[in-house]
Amino acid sequence: MTNTKTVLPTEHCETCPAFTQLEQMGIKVGDFDRVIALAGNPNTGKSTLFNALTGLKQHTGNWPGKTVTRAEGGFEFNKIRYKLVDLPGTYSLLSASQDEEVARDFILFGQPSCTIVVTDATSLERNLNLVLQVMEITENVVVAINLMDEAKRKGLEVDPRSLSRDLGIPAIAITARSGEGIHTLLGAVADVIEGNIVTKPLRVGGTPEFQKAVNELVPMIEQMAPGIPNARWLAIRLLDGDARVQKALSTGELADIVSRQQRADVQFSGKMSVEGRQ
Amino acid sequence: MEANEILAKAESLRNNLSTGFRDEIVKSLYTEAENIAKRAVKSTSDKKYDFDQKIDRLVTSPYTGLPIMLLLLGLIIWLTVSGANVVSSWIAVVLFGIGDYGRALFNQIGIPWWITGFLWDGVYLGLAWVVSVMLPPMMIFFPAFTFLEDLGYLPRVAFNMDWMFKKTGAHGKQSLTMAMGFGCNAAGVIATRVIDSPRERLIAILTNNFVPCNGRFPTLIMLATVFVAASFPPALTSLIAAATVVGVVLIGVMFTFIASWVLSRTVLKGEASAFTLELPPYRRPNVSRILYTSIIDRTIFVLWRAMQTAAPAGAIIWVLANIPIADSNLARAIADWLNPFGLLLGLDGVIILAYIIAIPANEIVVPTMMMVYMGAGMMINGPTNNTEIFNLLVNGNGWTMLTAVNLMLFALLHNPCATTIMTIYKETKSLKWATLSVVMTLGTAIVVTFLTASIARLLGWV
């Protein structure tokens, strides 16, 4: 990929396109060092970003709900190989429709090294609900503020630094269609994974008594399933009375989901390249 | 620590929480999002309505929304019909010419007649037919459709048609999955994953086949052009043909509503659920992406699939047509045996035979039919233009307007192709629903064509 955009003064030298290397690897994701998940509301341009990074041609269409299964692809950035997983667009992680379940299960149990939440700069407020929910699950989150060109056309000015400060995680402005800001975004992702940036995700957890109840439940869950990621999130869902999580816990399905999501399924990618055509 | 203990603990903790704790959480989530967004976003203009909203007022208005939708559908089909007719005959001339050359070459170097026949009159002819019939409409339809998709028009369609689906007890997003069905019904069935409610998703899956897919469009276009439009002045041909195809599509939409209504009052009882659908901003479609998606992902993909079934189908027909029985051949004998049933539906035995051979892919119905009509020798290649097709069918094989109309109805309503049935099975994980999808559609097709044939005969139209 050639980046012909002028280097913005806000970009750091180390993330400047002249010094960084992005190599698209298509579906060759057999050997990878890190897994990145792409989440976000429907129609915010996840698939466009996915295609820009991997060089694949995952179908993009201007209607919410285009991606109904997860698609995988690979790319190399600064000599590190990444597997990128494009999740279906969701407004929340709480409901039980099939596409939301795909997204939720992967962020929860697939243990991506980092999750990029792609947001729509023109309707940031609604998009932030999902960002806050993802931040409940994992600390390794980076927000990509996409569609900056559309926001500009609508006369909106979005300040990534204010967002980053409030959320406690990096927020990067991008325009996925033209590739603007993508290198900065990848730089931030790498920094979060390597610990160069320590995130302090804002946790909006309801009342203090609720927090106390969560803290009582977490050790119990960890004791039952050692090494389970996101015990905190499961505790919240159990307190909320989420029937699916309750069922998963009592049938032992939870352990299955964890192992299934963590398997490096290379065959899955091959299958996607057929099933993904629509 | 047992799972049950944790569940019990969670239960007791939950009961101790104040009643409104869920609302508290959601409220704090929304308040926080609002505050953060307020700090990060500044509006530099005070334009109240932008261009998008002006367009949306027109295309989603209760008065102009539906007419605009019909106009766009008509426009796409008209482009497809008028463009396809021209290109189709060129491709036919070239491909059949290659067939003649290949056959002559094989005869010259002394290859046994049955090898030459099997390869050139069977396999190759099947392929040549499928390519010349299918490729031109797809090359025009898919880019046009992808253009509207990338522009952001599809959710507006869902918005316009929502109230109708609601009345039938189905989900408003069903119009999105129907739109995908125009490309390929299997893709339409997969697209139903956007529907949350399992009941409404099943309705969308079971009725998707009433949208004619690209495999069936060529059949409709050919019949509309050769039969319906033929009696009009040449200047109007493509307009009349396009109007006919639009009419057939609308009949399909009508059957979608009827079937959805019946299903949601019988086996899939329930009310339509509410949902929110974003109307995305209009975006300028990216030309290279449209071409890639429509040519590589869609056209080549669908055509390749059709060719994979056309080659063996061509071979089977050739073999059937070359096994002599009395003074006829096996293909004819089977067709004659099926003829009474075919006539009952206003069709004939050859058409029924073509449909049976074409179960793997609807695309090959017309080629199969033509090859059986042309008979055992098949020393001539297929007809390359509309007049020749008309002569072959009407003068040679006794077709009437009823045959053409009923074949269009049958093509619209009959059972899904094997790929779609498999997809339905995979998506529902149920043999029952997959079977129902076949029985329901095939049953509708048989009943409807039987009724139209009977009425036409009673009234003495044919």
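**The sheet in chain A**

Guide: Chain A has 278 residues, and 50% of them count as buried (20 or more other C-beta atoms within 10 Å of a residue's own; 12 or fewer is exposed, in between partly exposed, with C-beta atoms placed from the backbone). Bear in mind that we're looking at a predicted model, where local features need pLDDT of at least 70 and side-chain atom pairs count only at pLDDT 80 or more, while totals for chains, interfaces and linings use all residues. Residues are numbered from 1 along each chain as its sequence is written, with chains lettered from A and ligands numbered from 1 in the order written.

Chain A comes to eleven helices and eight strands (DSSP runs numbered from the N terminus: H or I over at least four residues, E over at least two). Seven strands make up an open sheet, in the order β1-β3-β4-β2-β5-β6-β8, and its pairing is mixed. At the edges sit β1 (22-24) and β8 (171-173) of chain A, each pairing on one side only (pairing takes at least two DSSP bridges). Ignoring direction, neighbouring strands are turned by 30° against each other on average (axes are lines fitted to C-alpha atoms, for helices over the stretch in contact; angles between N-to-C directions run from 0 to 180 degrees).

Now for the mix of directions. β3 (residues 71-77) and β4 (residues 80-86) of chain A run antiparallel, joined by seven bridges; look for A:Gly73 opposite A:Leu84 in β4(A). Move on to β5(A), residues 114-120, and the sense is parallel with both of its partners: β2 (residues 34-40) of chain A pairs with β5(A) over five bridges, and β6 (residues 141-146) of chain A is joined to β5(A) by six.

Seven of its seven residues are buried. In a regular strand the side chains alternate between the two faces of the sheet. Here both faces are covered: A:Cys114, A:Ile116, A:Val118 and A:Asp120 lie on one side, A:Thr115, A:Val117 and A:Thr119 on the other. Getting from β5(A) to β6(A) takes you over helix α3 (residues 124-137) of chain A, and the three make a right-handed β-α-β unit (strands pointing away from you, the path from the first strand over the helix to the second runs clockwise).

What covers the sheet? Helix α5 (residues 160-167) of chain A packs on the sheet by touching β6 and β8 of chain A, and its direction makes about 160° with that of β8(A). Helix α6 (residues 182-194) of chain A lies across β1, β2, β3, β4, β5, β6 and β8 of chain A, at about 170° to β6(A). Across chain A, residues 24 or more positions apart account for 68% of the contacts with a separation of 6 or more (a contact means C-beta atoms, placed from the backbone, within 7 Å).

There's one more strand to mention, and it takes us over to chain B. β7 (residues 156-158) of chain A runs antiparallel to β1(B), with three bridges between them, and A:Glu157 stands opposite B:Lys42. Altogether 51 residues of chain A are in contact with 55 residues of chain B. Several elements of chain B supply at least two residues each to that side, including α1 (3-16), α2 (21-40), β1 (41-43) and α5 (113-151). The largest share, 14 residues, comes from α2(B).

Notes:
Two residues are in contact if their C-beta atoms, placed from the backbone, lie within 7 Å.
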